[in-house]
Amino acid sequence: MKLTDKQIKTFDEDGYLLFPELFSEEEVGSLNAEVPGLYKQHRKENVREKSGEVRTNFGAHLYNTTFAKLARHPRLVEPVMHILKEQVYMHQFKINGKAAFTGDVWQWHQDFATWHNDDGMPDARAMNIAIFLDEVNEFNGPLMFIPGSHKKGVLGAFHDTVTTTYPLWCCDEDTVKKLIDRGGIVAPKGKAGTVLVFHGCMVHSSSSNLSPWSRRSVYLSLNAVSNYIRKPTRPEFKAHMDFTPIRCLGDDCLLDSSVEVPLPWAENPEIAIA
Ligand code: SIN
Ligand code: MN
């Protein structure tokens, strides 16, 4: 999938692009069918909220066929390669739960702060592309962006290890207020199957989910191959060390049961299923 010149210009200016319903109901259905089975496993790749619900499932593309296909999907990988003008590898792959009633906040942050400080990523030549597995509306904790904030480059950050169960390098309130005074806040929303790509320096957050609707989304964090991480401190499931460029599958891969993908983490004797 090639971006238009207008889309590239919008991305440069705003730091994000929204593609409404890029994946069909049937494709999203194939992904959603796999999530409960992944979330009920007791494995280190499932980081839970204080409530016990899964906040983030990491690395499913290495042990689940459907998500392994998604990780090689041309509708996700090609736009990022187009923007970065380079081949990419998977730095991180996650399925965030943001469960109904209990899904917790993500404080204001830039992803590149964590990628740089914790993983030794040299430059902000990585970015997230997200696919909504549920409808995202104003009530279920949509991502919030400060348009144009990516142009500020790397901002100061503090390591928040207390607010939630997931340590994160976060922006201070003064900085966030100044950025919002200038750029405002947007919360891109859409039906399941919608896709959102955003710059590694985009300042973003999401509030808790008090609604009765879960807000599950998959995030592929794709890094330019030349920008591979130099000093990882986090476990492999949070910061991958396989820098092999992704080779895309066909556009219909999610619905084609004959497509084969490697699953290197599929056989793990430590995993217990509830
Ligand atoms: C993230 O910023 O990495 C995730 C935020 C969210 O899922 O709301
Ligand atoms: Mn983030």
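**Close-up 1. Buried residues of helix H5 in the predicted model.** In H5, the buried residues are Pro74, Arg75, Leu76, Val77, Pro79, Val80, Ile83 and Leu84, in a model that is predicted rather than determined by experiment. Because eight of the 11 residues of H5 are buried, this helix is largely enclosed by the rest of the structure. H5 is followed by Lys85, a residue whose phi is positive, near 55°.

**Close-up 2. The largest nonpolar core and the surroundings of Leu222.** The largest nonpolar core has 38 residues, and those with the most contacts inside it are Phe67, Leu70, Phe93, Ile95, Val218 and Leu222. Helix H5, which spans residues 74-84, gives the most to this core, with five residues.

Close-up 3. The structure holds nine aromatic pairs. One of them is formed by Tyr16 and Phe145, a tilted pair with 5.2 Å centre to centre and 50° between the planes. This pair links distant parts of the chain, since Tyr16 lies in strand E1 (residues 16-19) and Phe145 in strand E8 (residues 143-145), 129 residues apart. Tyr16 has a relative accessible area of 16% and is therefore buried, while Phe145 counts as buried because its relative accessibility is 0%. Phe145 also forms a tilted aromatic pair with Phe198, at 4.9 Å centre to centre and with 45° between the planes. That pair, too, links distant parts of the chain, with Phe145 in strand E8 and Phe198 in strand E11 (residues 195-199), 53 residues apart. Phe198, like Phe145, is buried.

**Close-up 4. A cluster of aromatic rings.** Phe58, Trp106, Tyr166 and Phe237 are linked by ring pairs into a cluster.

**Close-up 5. Arginine side chains over tyrosine rings.** Arg43 lies over the face of Tyr63, where the distance from the ring centre is 3.5 Å. In a second example, the charged end of Arg230 sits over the ring of Tyr228, at 3.7 Å from its centre.

Key. Residues numbered from 1 in each chain as written. Chains lettered and ligands numbered in written order. Predicted model: local features only at pLDDT ≥ 70, side-chain atom pairs only at ≥ 80, totals over all residues. Heavy atoms only, no water. Core = buried A, V, L, I, M, F, W, Y, C linked by side-chain atoms within 4.5 Å. Buried < 20%, exposed > 50% of the residue type's maximum accessible area, 1.4 Å probe, protein only. Helix = DSSP H or I, 4+ residues; strand = E, 2+ residues; numbered from the N terminus. Phe/Tyr/Trp six-rings, centres within 6.5 Å; stacked < 30°, edge-to-face > 60°. Lys NZ or Arg CZ within 6 Å of the ring centre and 35° of its normal.
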